[in-house]
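I'm going through one model today and jotting down what I look up as I go.

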Amino acid sequence: MAGAVDLPVYAFQIYQHCQGSPLHPLHLLRVVPHHRTTAISLLDTAARLGLELTLPVNPRPTFLSHNVELQGSVIDLMFIKASESLVQPCQLLEWQGPSDHIPLASKFSLPSELEDFKRVSIAKGSDAEMQFVEQLIGGIRGIRLETPATIAEVDAMAQAVADVFSKAWSDNATEKRITRRSELWWNDTCSETLLQYWDDKTPKNWSTFRKATRAAKRKFFDAKIKEIAKTNRRPWDLMEWVKGRKLPPCEAIQYNGQPCHTMPELWDALHNTYNSAADRPCDLSVLDKLLDLPVWEWAPFSALELMEALAACSSLSSPGPDHVTWVHLKKIVAEPQCLNVFIKLANACLTVGRWPKHFKESVSVIIPKPGKPSYSAPKAFRPIALLNTLGKLIKKMRSNRIQYDMIAYDLVDPNQFRGIHQRSTEDAGLYLTHLVCTGWARGLKTSVIAFNITQFFLSINHDALMAIL
């Protein structure tokens with residue numbers, strides 16, 4: 001890690017007058033009356049990250065302007081871990097070049113095997129994706145259609161579906177190397193023409209490569225424009241607030257006053273923050289006044305329920321560990337045999353009372369919240385769990401069924417918005433507007449008090465929730 005701080009001018013002047021002194025340069029910096037707040041903050045941040053300021057063996061101004069009228073200063077600093085440095089940094093005066101800054105160099109010990117950043121994926125709309133879907137359909141067709149009646153049979157059927165998903169992915173996915181120059185529009189034609197140019201480096205092959213890249217860009221962005229304008233009709237995808245967020249500055253997450261430098265420490269901080277209500281005692285006596293109603297028999301799911309729940313799923317959602325998206329599921333359930341397999345598995349999960357392991361697997365993604373002044377607290381991030389889509393589909397079917405019964409028997413507060421059919425955030429705005437206009441008609445003024453309960457859903461006790469259900 002390298003950083004630059006504009007040290008006080010008088011600090012360098014003291015250093016100039018004490019060049020013959022045996023004092024260490026760091027000692028010379030300490031005799032100044034004070035340091036700027038920025039410099040102190042930089043040193044504190046480096047300490048929290050396990051780094052320390054390392055001075056070169058040949059200390060001198062690191063900024064030497066080619067304009068002789070400008071005085072040199074120390075504005076280039078190097079922060080490293082002392083245990084990783086083999087040689088103390090030094091200034092390379094002969095490498096200055098046209099820049100006004102003198103390069104700083106040091107030697108480090110690197111592991112014998114460096115991690116190569118690679119990603120296994122299937123290009124959207126490619127032939128590999130078509131083969132992936134066809135293999136999924138063929139594999140699910142081969143699963144037996146007997147309705148599972150025991151926990152072991154439910155697990156076996158779910159595992160059979162998971163094996164089909166896993167094999168289809170491993171057979172069709174390709175490994176790609178990710179670099180800082182990777183582009184989404186890059187295709188195989190670009191790679192082939194680039195290799196041809198590298199072979200002889202002739203102007204003709206260079207022109208061919210340029211034409212291939214322009215064609216790839218045009219094809220990619222035309223498809224994006226068509227998707228935004230006609231397919232999903234989401235013009236806000238072009239806005240900054242829905243694009244990838246800029247990562248916050250390097251800052252260690254702190255928990256209980258201590259920085260988290262290792263993955264176990266980071267996991268404990270996030271787990272204890274977002275699961276804070278797990279061990280809290282709760283008084284369930286408030287539920288004693290509720291009447292014990294008879295248990296209803298669960299009616300089996302129908303194919304129409306599955307299709308309606310699947311139709312409401314967005315095609316832009318990220319998949320879970322099985323890499324099967326909603327688009328893939330919509331193509332799979334178009335085959336009646338595959339649809340019957342999913343219906344039988346969904347019904348068996350409810351009748352047997354078993355939620356298979358495949359549906360519990362997830363990938364956690366930590367998203368930084370925008371506009372936070374500091375990202376040293378775990379609450380400045382929002383964790384989301386990407387579950388396997390088939391399990392989410394069954395949960396959507398179950399949620400729709402339970403929600404219908406809750407509304408039919410008046411078990412939901414009439415002022416509850418969001419998460420309920422026909423009670424969206426837009427409906428909440430219309431309801432508030434109606435109240436305001438009604439007050440105006442009566443000559444009244446409306447005041448609105450809005451407040452947020454911090455970490456409300458993270459503080460719900462799971463035992464209490466299960467007891468209420």
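**Asn205 and its surroundings**

I started with a side chain: that of Asn205 reaches the backbone oxygen of Gln196 at 3.4 Å. I call that a polar contact, meaning a pair of N or O atoms within 3.5 Å, where within protein one must be able to donate a hydrogen and the other to accept it, and residues adjacent in sequence count only if both atoms are side-chain atoms.

Before going on, the ground rules. This is a predicted model, with local features needing pLDDT of at least 70 and side-chain atom pairs counting only at pLDDT 80 or more, while totals for chains, interfaces and linings use all residues. Residues are numbered from 1 along each chain as its sequence is written, and side-chain values use heavy atoms, with hydrogens and water left out.

Asn205 is in helix H7 (residues 203–231). Helices (H or I, at least four residues) and strands (E, at least two) are DSSP runs, numbered from the N terminus. Buried or exposed, I wondered about Asn205? It counts as buried, at 16% relative accessibility; my cut-offs are under 20% relative accessible area for buried, over 50% for exposed and partly exposed in between (1.4 Å probe, protein chains only). Leaving out residues up to four places away in sequence, Asn205 touches Gln196, Tyr197 and Asp200, a contact being heavy atoms within 4.5 Å.

**Rings**

Next I searched the whole structure for aromatic pairs and got 10. Trp206 and Phe209 have ring centres 5.5 Å apart and planes at 40°, so I log them as tilted. The rule: rings of Phe, Tyr and Trp (its six-membered ring) pair if their centres lie within 6.5 Å, with planes under 30 degrees apart stacked, over 60 edge-to-face and the rest tilted.

Trp206 and Phe209 are three residues apart in helix H7, so about one helical turn separates them. An α-helix has 3.6 residues a turn, so residues three or four places apart point the same way. Phe209 is buried at 9% relative accessible area, whereas Trp206 is partly exposed at 37%.

I checked the length of helix H13 (residues 389–408): its 20 residues should span 28 Å at 1.5 Å a residue, and the end C-alpha atoms are 28 Å apart, which agrees. The expected span is 1.5 Å times one less than the number of residues.

Buried residues of H13 include Leu390, Leu393, Ile394, Met397 and Arg401. Among the elements covering the buried residues are helix H5 (151–172), helix H11 (336–352) and strand E11 (381–387). Just after H13, Asp410 takes a positive phi of about 55°.

Arg401 got its own look. Arg401 is buried, with a relative accessible area of 14%, and its charged end sits over the ring of Trp298, 4.8 Å from the centre. That label needs NZ of Lys or CZ of Arg within 6 Å of the ring centre and within 35 degrees of the ring normal. Besides Trp298, Arg401 touches Ala299, Pro300, Phe301 and Glu305, again not counting residues up to four places away in sequence. Arg398 lies over the face of Trp355, at 5.3 Å from the ring centre.

Last entry: Tyr274 lies in helix H8 (residues 263–274) and is buried at 16%. The C-alpha atoms of Tyr274 and Pro378 are separated by 8.7 Å, though the two are 104 residues apart along the chain.
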